[in-house]
Every structure is written in C-alpha cells, then in structure tokens.
Amino acid sequence: MKNVIEQYIRKEMFPHIWCPGCGNGIVLGALIRAIHSLGWEKDEIAMVSGIGCSSRITGYVDFNTMNTTHGRALPFATGIKMSNPNLKVIAVMGDGDCAAIGGNHFIHAARRNIDITAIIINNMIYGMTGGQYSPMTPTGKFGSTAPYGNIDQNFDISALAASAGASYVARSSIYNVNQGIRFIKKALNKKGFSVVEILSDCPISYGRMNKLRTPVKMMEWIKSISVPKKTWEKLSVEEKKDKIPMGEFLDICIPEYTEKYKEICAIAQQGGENE
Amino acid sequence: MMSDEKQIVKILQGNEACVEGALLAGIRFFAGYPITPASEIAEGMARRLPKIDGKFMQMEDEIASMAAVIGASLAGLKAMTASSGPGICLKQENIGFAAIGEIPCVIVNAQRGGPSTGLPTKPSQGDVMQARWGTHGDHPMIALAPSDVNEILQITVKAVNFSEKYRTPVMLLLDEVIAHMREKVNIPSREQLEIIDRKRTNVKKEEFLPFKADEDMVPPMADFGSGYRYHVTGLVHNEKGYPTSDAEEIDKFLRRLSNKVELNKKDIVIKEEYSLDDAKIAIVAYGSVARAAQRTVKLAREKGIKVGLLKLITLWPFDDDLINQLANQVDLIVVPEMNLGQMFREVQRAAQGKSRIISYSRIDGDLINPIEILEKIEEEMSQ
C-alpha cells in the first residue's frame with residue numbers, strides 16, 4: 001500500500017508541515033486510497049483547498065492543485081468545475097475554514113448541488129493559528145480564545161449539508177479510517193455535491209487545552225464520542241449530549257448543476273428566451 | 001483597414017457595450033452578484049453566454065464571484081466579473097490571489113459614490129486608488145478607464161487582452177455616467193479586432209515549471225486538466241509553484257510580479273491628446289470627465305485660451321514620464337475628477353514641481369460639466 005501512496009504524492013514537498021500525531025496525514029492517506037481504488041487518472045483530478053493546516057494537503061498531492069484563500073475553496077472549485085465539467089473536483093477544508101469564514105459558500109455549493117466532493121477535516125479547533133475555538137468546538141470545551149470554556153453552540157455540519165441540498169453526506173473519523181475510505185469513495189462517485197466530514201485530532205492545539213495532550217488520548221476520545229447513526233437515534237436527549245453520530249446521512253440522486261446548465265444552454269440556443 | 005460593412009451600429013448603454021466588448025474579446029465565463037450600477041453587465045452575460053456555450057453564474061456573494069472567476073480562468077476560459085464599490089471591497093482578497101497566482105481575469109468596477117453604501121445611483125471616480133492598492137502587499141495592477149460608451153467596448157477588449165498577455169487581474173473602471181448612458185456604438189467583428197490569448201506552454205510535461213517566466217517576465221500557462229499537473233498557491237512560491245521561504249526566491253518572484261507590468265508600460269499605457277501642441281494650459285482627465293474636458297478645450301480655444309487635454313485611459317500603471325514632459329511644456333495643469341484629488345496627487349508627484357498643478361474636485365454626486373472646468377481655468381488665470 002505504501003507504493004500506492006507514493007504514486008500520488010509530491011515527494012519534493014516533504015517533509016510536511018503537520019505536527020506528529022496530526023490526523024491530516026490519515027485523511028490524506030484515506031483520500032489517496034479512495035481515489036486509487038476508483039482508478040482515476042491524476043490528470044483529471046483538481047483538488048482545491050482554503051487556508052489552515054488541512055489546506056496544505058493540496059501541496060502534497062500530484063493532481064491539478066490549488067491552495068486558495070481562507071474559506072473560499074468551494075467557490076474556486078465551482079469556477080473550475082463550471083469551466084471544465086470533465087474535471088473531477090475535490091475541495092478539502094478544515095472546520096474553521098468550511099464552517100466559519102466559508103460557511104456561506106458551503107451552504108450555497110450544497111444548494112446548487114454542483115458535482116464537487118467536499119472533504120471536511122474536523123479537528124474542532126483552529127490549529128495553525130494556535131488553538132482558537134471554531135464553530136465546531138463542542139460547547140464547554142476550551143480554546144486559546146475560550147479560556148473559561150466555549151459558550152457557542154457547535155455546528156452539525158453534516159446536518160447542515162443535508163438540509164442545504166447536497167446529494168451525499170456522511171461522517172466518519174480518523175479512528176475508523178476504513179469506514180472513512182468507503183464514504184470518500186462513495187462521495188467521489190456521486191454525481192452532485194457530496195460531503196464527507198472526518199472527525200480528526202489536534203493534540204497540540206485542541207488536546208493541550210482539553211486534557212488530551214497525546215495523539216493516543218485524542219484517538220481514544222474520538223472513539224468514545226463516536227456512535228453509529230442507528231445507535232445514536234435511539235439515545236435519549238441527555239445521552240446524545242456528548243456523542244456524535246457516525247455514518248451516512250444522505251444518499252440521493254437529484255439533478256446536478258453543470259448538467260442543468262447544459263440544458264439552459266440548449267434552451268438559449270433554441271431561442272427560448274423569456275422576453 | 002476596417003471595412004465599414006462589417007460594423008454593426010447600435011444604440012447601447014455603457015454596461016451593454018462592456019458585455020459586447022467582453023464577448024468579442026473571448027470572455028466565456030462570468031460570475032457576479034447583483035449591485036447598482038453594474039447589474040446590467042451580469043444581466044447581459046446571463047442572456048448571452050448560454051447562447052455560445054459560455055458559462056454564467058450568479059454567486060452567493062462578491063467574494064465567491066471573484067473566486068469562481070479565478071478558478072474558471074485556471075481551467076482555461078477567459079473570465080470576468082463586474083461590480084461597484086462595496087462589491088469591489090469584498091473582491092480584494094481574491095484579486096490579490098489572482099495577482100500572486102498570475103491568473104488572467106477582468107474586474108469591472110462601475111464606480112458609484114462612497115464610502116460604504118454611499119451614493120448607489122450617482123457617479124464617482126472615488127475608487128482610483130482602491131483600484132491600484134485595494135488588495136494588500138506589493139502587487140501589479142492594470143486599470144483602464146474609458147470615457148464614453150463606444151470606448152467602453154474598445155477598452156473592454158484591451159482589458160481582456162492585457163489580462164491574458166500579462167497573466168494578471170485587470171480593473172476596468174467605468175463610472176455611473178458612462179455605465180448607464182446610451183450612445184451610438186460601432187460593434188466590430190472579431191476579425192477587425194486584435195484578440196490576445198494567454199501563452200500556453202508546449203514543453204514536455206516533466207519539464208514544465210509553471211512559474212518560470214519568459215523574457216517578457218510572463219510565464220506560459222497550462223489549463224487545469226490539460227495534462228500539466230501543478231500547484232497554484234497564494235503563498236509566495238518558487239518557479240515550481242511550491243511555497244518558499246528562501247529570501248532570494250521571494251525577492252526575485254515579487255519583483256518580477258510587479259515588473260512584468262511596470263516595465264511593460266510602453267505597451268500598456270493608452271492615452272489620447274487633444275490640442276496639446278501649442279497649449280500653455282493642460283487638463284489631465286479620465287473617464288466621463290475627460291469627455292467634458294474635451295469640450296472645455298473647444299470652448300477655451302473659442303475664447304483664445306490655449307488649452308489642451310491629456311486623456312488618460314490607462315490609469316495604472318501610471319506613466320510618470322508622460323506627465324513630466326507635459327509639466328515641462330505647460331504653465332498650468334488642471335486635474336478635474338469626481339473625487340478629492342486622487343489622481344491629482346499622482347500628477348503632482350510625477351510633475352516634480354515643473355508646472356503649477358491644481359485640482360478640481362466634485363464629490364456631490366453630480367457629474368463635472370465642461371463649463372465648470374473652463375471657469376476653474378479662468379479663475380486660475382485671473383490670479
């Protein structure tokens with residue numbers, strides 16, 4: 001399998017910038033394995049990211065890659081997909097990147113149901129800037145800007161994506177990486193906007209402030225809060241409080257944006273204008 | 001020679017002329033967001049692009065519009081967006097990305113009064129400095145300002161050409177007067193125009209260095225999906241496109257980025273001169289004000305006052321030498337503009353004290369008419 005990974009990475013960009021124990025590498029491995037299993041050509045893949053630790057992922061893979069501005073991966077990806085619908089477009093985002101500064105772009109990409117796969121690496125913190133709380137930091141947890149505990153409600157980004165109009169939504173974690181690979185593969189294959197949220201760790205920033213200082217402790221914590229969707233549904237409100245449901249939340253077939261745009265071109269070219 | 005038979009003549013609004021020019025220049029992707037007084041450009045694109053298999057998108061906001069334009073350009077289509085002051089503010093983040101990533105694109109700013117919501121339906125030239133320095137850091141910028149509806153079409157073509165030739169964002173500065181005014185426009189055929197497409201690389205794939213420039217300081221480009229796989233980043237990068245913290249590489253890259261525009265000024269600077277040969281007084285103007293100033297020249301000369309006009313179409317890069325030579329020739333330079341002297345200060349700087357320079361400003365939302373410029377000149381002469 002090692003050789004598989006090597007086929008897809010830019011070795012000259014290594015060593016990477018990620019800290020020891022960071023989950024980003026696990027997600028990168030999962031993503032590559034999913035792509036490899038589909039047999040996609042590297043030339044036909046465009047991978048776009050925003051800003052943050054997770055966004056450095058685009059520098060490390062040998063595709064058409066773009067490391068853009070904070071929160072904006074999806075509109076850049078949208079332009080690429082519209083410009084050349086033959087490209088397979090993947091956007092990789094962090095939780096702050098996707099749910100805070102990029103929140104508006106996220107719901108509208110889902111609403112359009114444009115054929116882009118969004119991978120959200122959710123480590124529940126702004127890691128690169130030193131551990132400020134993000135919209136995905138659970139209520140009550142600590143961050144460098146929440147020294148007395150986070151009073152914000154955290155987003156359920158998967159529920160948000162499902163209600164905003166996406167075609168496929170699933171959540172997994174770096175603990176259950178084989179499940180993650182399976183979900184990513186399904187998402188990549190989906191015609192429409194697909195989302196895979198991967199619960200990840202940040203021992204340095206999140207762990208340090210939340211008594212989970214080692215990667216192992218973080219991994220154990222992720223395992224302890226993860227509950228299969230079906231089990232979660234049977235839990236009481238009180239039991240649900242500190243748990244996160246894992247699994248597939250949505251898998252539907254609805255008209256895709258670039259396909260619908262082709263129909264608009266056909267109407268325009270037949271003179272079917274609304275004068 | 002242009003053959004007249006091929007030209008179609010239409011009465012068009014400035015924003016409509018911009019759409020015509022853009023399509024002729026090869027724009028095939030437009031992303032925008034509704035805003036006065038620029039919305040007619042998006043409306044025109046929404047109607048026209050699907051007819052020619054071009055792509056139109058109304059995005060969720062101005063930031064996304066700019067991002068989509070850059071993504072589309074990187075994937076191979078000539079791309080444009082249009083907005084006005086408040087929207088242009090939001091686009092600045094990604095205009096910087098287009099500059100550092102060297103992604104060709106055109107941003108139309110139909111200027112209205114500011115700051116903030118300001119005067120949405122009234123003209124202004126208040127965004128001249130924002131056009132140059134709106135995004136942070138040292139970066140190249142080309143900004144063009146046409147002065148009538150026919151010229152909007154012609155200069156829109158130039159804007160697209162420059163963005164492609166120099167791989168850089170180009171700002172097309174309209175103002176509310178010419179954006180909404182209707183005039184006779186000659187619509188040329190594509191064959192009658194010089195259309196420039198970006199240089200595309202043809203080296204072996206394994207030899208491709210995406211940010212290695214040719215002698216003209218511009219690196220040949222490759223479309224995403226064309227088989228040349230590479231990395232584009234907003235981080236300062238080396239010729240391979242990878243982030244760098246090497247002082248020498250940083251310096252070389254950032255200087256080339258600015259120099260590819262500054263040192264190609266000769267090609268980029270477009271200006272027109274009216275009655276300057278024997279002039280002792282010069283008006284330096286741009287945009288709709290230049291058109292009023294042209295009339296001022298006529299009125300002044302009828303009164304025996306030797307006034308000439310230097311009309312700037314290219315505002316950025318700024319041609320210091322042009323102003324310096326003019327300051328050598330005339331005793332007085334008047335700079336009328338619909339702002340508090342943004343270009344006046346540039347003229348003053350470039351003139352190096354060789355001539356008296358005065359500013360004539362209007363920021364009350366009214367356009368500047370020929371008579372008031374003449375009155376300003378006469379007032380100065382009587383002093």
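How many bridges join strand β12 of chain B to β15(B), and do the two strands run parallel or antiparallel? Strand β12 (residues 281–285) of chain B is joined to β15(B) by 3 bridges, and the strands run parallel.

## Basis of the model

This is a predicted model, in which local features need pLDDT of at least 70 and side-chain atom pairs count only at pLDDT 80 or more, while totals for chains, interfaces and linings use all residues. Residues are numbered from 1 along each chain as its sequence is written, and chains are lettered from A and ligands numbered from 1 in the order in which they are written.

Helices (H or I, at least four residues) and strands (E, at least two) are DSSP runs, numbered from the N terminus. Two strands pair if DSSP finds at least two bridges between them. Between β15(B) and β16(B) the chain passes through helix α12 (residues 342–351) of chain B, a right-handed β-α-β crossover. Right-handed means that, with the strands pointing away from the viewer, the path from the first strand over the helix to the second runs clockwise.

Strand β15 (residues 332–337) of chain B is largely enclosed by the rest of the structure, because 5 of its 6 residues are buried. A residue is buried if 20 or more other C-beta atoms, placed from the backbone, lie within 10 Å of its own.

## Contact between chains A and B

Two residues are in contact if their C-beta atoms, placed from the backbone, lie within 7 Å. Chain A gives 34 residues to the contact and chain B gives 36 residues. On the side of chain A that touches chain B, the largest share, 8 residues, comes from α4(A).

Strands also pair across the two chains: β2(A) and strand β10 (residues 231–233) of chain B run parallel and are joined by 3 bridges. Within this pairing, A:Met66 has B:Val232 as its bridge partner.

## Domains of chain B

Chain B is divided into domain 1 (4–192) and domain 2 (271–382), with bounds from an automatic or database domain assignment. Their C-alpha centres lie 26 Å apart. The contact between them takes 24 residues from domain 1 of chain B and 18 residues from domain 2 of chain B. On the domain 1 side, α5(B) supplies the largest share, 4 residues.

How values were computed. Buried ≥ 20, exposed ≤ 12 C-beta atoms within 10 Å, placed from the backbone.
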